[in-house]
Amino acid sequence: MRSINDVYIAVMGVTGAGKTGFISTCTEKEPLKSNHGLLSSVTLHTMIHDQKTVHLVDIPGFGDSKRPDADVLQEIAFWLLRAYRMGIRLSGIIYLHRITDIRMQGSAKRSLDMLKKICGPTNYANIVLATTRWDDISKASEEAQQQARQRYITLCERSLYWGDMCCAGAIATKLSPGRYCALKIVDHVIHKERRLAMLLQQQIVEGTPIYRTDAGKILYDAYHSELDKLREELRKAKSELEATVASFQDERRRRAEETVVQISRVLEAKSHEVRGLRIDTAELESAWSRKICEERQKFQRKIEKVTDRMTKSAQETQVGPKTPSPNPPSADDHVPDDLFRDEKGQPHTPVINRERCSKKTSFATSSTLVGVAGLGLGVLQLAATAACTIM
Ligand SMILES: Nc1nc2c(ncn2[C@@H]2O[C@H](COP(=O)(O)OP(=O)(O)O)[C@@H](O)[C@H]2O)c(=O)[nH]1
Ligand SMILES: [Mg+2]
């Protein structure tokens with residue numbers, strides 16, 4: 001069971017920075033292959049380390065082409081709000097950055113700015129800034145290695161990047177592959193023995209709408225610049241369309257029409273994302289609670305489907321016992337561990353045995369049931385996802 005006295009550490013960074021890999025290295029568990037079409041993606045990964053229960057919280061990155069930043073921020077805000085209400089406090093933040101990224105701009109810079117605004121300056125001392133992919137750099141030319149070392153120095157020195165956080169007590173480090181180095185970072189956070197109230201968390205708890213929080217403002221302003229640009233593009237595209245009407249050039253008109261439709265679609269999608277930032281705390285909570293409830297039901301249906309197939313498959317092979325393994329997933333296993341209790345504050349008791357998705361554990365024991373075992377692993381993968389995904 002998870003407890004508010006456990007250690008909770010957020011792992012952040014752009015998509016591809018190495019968060020999931022880092023967590024998997026620490027916990028020695030296979031990373032979840034996919035999120036099975038889930039809407040939410042803040043996931044908790046638990047290990048016992050130094051006689052403490054440590055939960056590494058995989059926070060979705062900004063700048064993900066598959067997901068709007070506004071949606072990511074909503075989810076983080078919701079998670080922090082829920083955690084706060086349950087008495088859970090983060091002990092620190094591990095922020096990962098690829099040293100192979102040549103320039104600190106675009107989504108990398110935005111992600112860094114968001115980190116600062118989500119944490120707030122008073123929590124900078126509890127941030128570890130870790131650079132990944134040094135192994136790739138070590139294979140590069142001497143010149144490229146020199147450039148990477150210089151990038152690292154620039155990152156640490158410039159206030160615009162990590163300098164301000166380092167001056168306030170954050171530490172920067174080069175992450176080497178392997179568990180030893182990863183756990184040293186975790187140890188650093190644990191030994192500080194802090195329980196933090198993140199800036200975004202405080203602001204959301206006070207009822208500030210997302211777009212007026214420090215983190216939300218960054219996105220909101222960026223969205224507005226983007227919307228302004230799109231409106232200007234649309235205006236130009238529409239005047240081009242008008243010109244083509246007069247010119248009777250069919251092909252040119254068709255292209256102009258397509259452009260107008262395309263820009264209008266993007267504009268509508270972006271406007272919708274911006275509206276998501278305007279919601280207040282109560283709306284955030286009800287919208288995301290609903291989403292998570294729907295997700296839970298979706299999971300339940302998926303697991304039931306796979307379990308059904310497993311049973312049928314076992315019967316069709318007509319070998320071995322009818323049950324697919326000595327440890328078939330029970331009905332209880334399918335109920336996601338709502339770490340975080342239900343609406344009435346009652347803890348959900350069923351807990352999925354996370355050891356079953358440990359790298360060292362196999363599910364089926366009989367070689368005649370390979371196909372069934374495959375399905376069984378599917379169930380475990382779903383169950384594991386449910387266990388660490390749903391709050
Ligand atoms: N060579 C190398 N690859 C890495 C390192 N860290 C992560 N990766 C790879 O980068 C990709 C993205 O990593 P992942 O952990 O999924 O990033 P996330 O999006 O931040 O969770 C994966 O293919 C990893 O294997 C590293 O330090 N060195
Ligand atoms: Mg990941």
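By class, the shell around ligand 1 holds eight polar, four charged and two nonpolar residues; here Ala, Val, Leu, Ile, Met, Phe, Trp, Tyr, Cys and Pro count as nonpolar, Asp, Glu, Lys and Arg as charged, and the others, Gly among them, as polar. The model is a predicted one, in which local features need pLDDT of at least 70 and side-chain atom pairs count only at pLDDT 80 or more, while totals for chains, interfaces and linings use all residues. Residues are numbered from 1 along each chain as its sequence is written, with chains lettered from A and ligands numbered from 1 in the order in which they are written.

Let us stay with the ligand for a moment. Of the 14 residues around ligand 1, the nearest are G18, K19, T20, G21 and T132, where near means a C-beta atom, placed from the backbone, within 6 Å of the molecule. Helices α1 (19–27) and α4 (134–138) each supply at least two residues of this shell, and α1 gives the largest share, three residues.

Now for the overall build. The protein has twelve helices and six strands; these are DSSP runs numbered from the N terminus, helices being H or I of at least four residues and strands E of at least two. Of its 391 residues, 36% are buried, that is, with 20 or more other C-beta atoms, placed from the backbone, within 10 Å of their own. Among contacts between residues at least 6 apart in sequence, 78% join residues at least 24 apart, a contact being two such C-beta atoms within 7 Å.

The strands form an open sheet of six with mixed pairing, in the order β2-β3-β1-β4-β5-β6, where strands pair if DSSP finds at least two bridges between them. At its edges, β2 and β6 each pair on one side only. From one strand to the next, the twist averages 25 degrees. Strands β5 and β6 run parallel and are joined by four bridges, and T131 stands opposite K174 in β6.

| Element | Residues |
|---|---|
| Strand β2 | residues 43–49 |
| Strand β5 | residues 127–132 |
| Strand β6 | residues 171–174 |

Finally, a helix pair. The axes of α2 (residues 69–85) and α9 (residues 214–247) come within 10 Å and cross at roughly 170 degrees; axes are lines fitted to C-alpha atoms, for helices over the stretch in contact, with angles from 0 to 180 degrees between N-to-C directions. The two helices are therefore roughly antiparallel to each other, the word for angles over 145 degrees. D69, A70 and L73 of α2 meet A215, G216 and L219 of α9 in this contact, which comprises four nonpolar residues, one polar and one charged.

Note on methods: Buried ≥ 20, exposed ≤ 12 C-beta atoms within 10 Å, placed from the backbone. Parallel < 35°, antiparallel > 145°, perpendicular 65-115°, else oblique.
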